[in-house]
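Try each one yourself before reading its solution.

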Amino acid sequence: MDHFPGTHWGKPRDESFDPYATFPIHPHRPRTDAFAEGVQRTQQPIVTGTSVLALTYKDGVMLAADNLASYGSLARFKDMQRLHAVGDNTLIGASGDMSDFQELQHKLDTLLIDQFVQDDGHKLGPTEIYEYLGRLMYGRRSEMNPLWNALLVGGFKDGKSFLGYVDLLGVTYSSSTLATGYGAYIALPLLRKAVEGREATLTEEEATEIMETCLKVLFYRDARSLNKFQIATVSAKGVNISESRSVATEWAFAEGIRGYGAQTQ
């Protein structure tokens, strides 16, 4: 109750004034943002994609990735496209955190818009996109706020194929066969055996068959993979990302594995 109404009419209430000299006077605390005292960083990836595979063939570059985005060990999103066209002659594939990949897609789209607005007759090619991503990832890593992705960059420009790798630390390198995630352990040896030394003669049909074989092996071995994938090519004809597809698998051999199914011994 306010026993001195005349002194406060038309004035805002003052919590710091105590007319009865009671003790203690409750201090007035201004409203503050609960998160103002600290900057939050991503400590680990949450919704993730697994392996991306890539190879060089005689007409260009081919990339492949499944459509699964896992929430931990839960196969949560089964229609995630992890291959993304950047302009007319560049293609990227991403494993790792999918929200960070979406951030990268936004940055690349903005970069292309800025390039288009300049209208100077120049277009960013695969090597320029590769260098940009390498500097971007290294810069974010240096700020202790990395984008949790491993990327493959493929392209075809001026009659030459390009294939490169970029990871969350800014590590970059090029090769005729590349893979990220679990595929770097399981599928990359198969790719090297089938492709290296044949880059100039390997046809698109043969490259597709090699990719499907590697993806089938990954589906057998990688618990975070899915038998639903896309294969993309970039060549003189431009970028083409296929519709989702699958391959025939055979699980009868598992009956002979100890511990499988209803076996007790």
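Predicted model: local features only at pLDDT ≥ 70, side-chain atom pairs only at ≥ 80, totals over all residues.

**Exercise 1.** Find which residues of α2 are buried, and what they pack against.

*Solution.* Start with the list: P126, I129, Y130, L133, G134, L136, M137 and R140 are the buried residues of α2, where buried means under 20% relative accessible area with a 1.4 Å probe, protein chains only. Next, look at their partners: these residues pack against β7 (90-97), α1 (98-118), β8 (149-157), β9 (160-166) and β10 (172-174), with contact meaning heavy atoms within 4.5 Å. Now check the helix itself: α2 (residues 126-142) has 17 residues and spans 24 Å from first C-alpha to last, close to the 24 Å expected at 1.5 Å a residue.

Numbering runs from 1 along each chain as its sequence is written, and side-chain values use heavy atoms, leaving out hydrogens and water.

**Exercise 2.** Describe the lining of the largest cavity.

*Solution.* First, the search: one cavity of 30 Å³ or more turns up in the whole structure, a cavity being a set of points on a 1 Å grid over the protein atoms alone where a 1.4 Å probe fits but cannot get out. Its lining (residues with an atom within 4 Å of a point) includes T50, R82 and F219. Then sort by element: β3 (60-66) and α5 (204-221) each give two or more residues, and α5 gives the most, with three.

Key. 1 Å grid on protein atoms, 1.4 Å probe; cavity = no way out; pocket = protein on both sides within 12 Å on 5 of 7 lines; lining within 4 Å. Points joined across faces, edges and corners; volume = space filled by probe spheres on them. Helix = DSSP H or I, 4+ residues; strand = E, 2+ residues; numbered from the N terminus. Expected span 1.5 Å × (residues − 1). Buried < 20%, exposed > 50% of the residue type's maximum accessible area, 1.4 Å probe, protein only.
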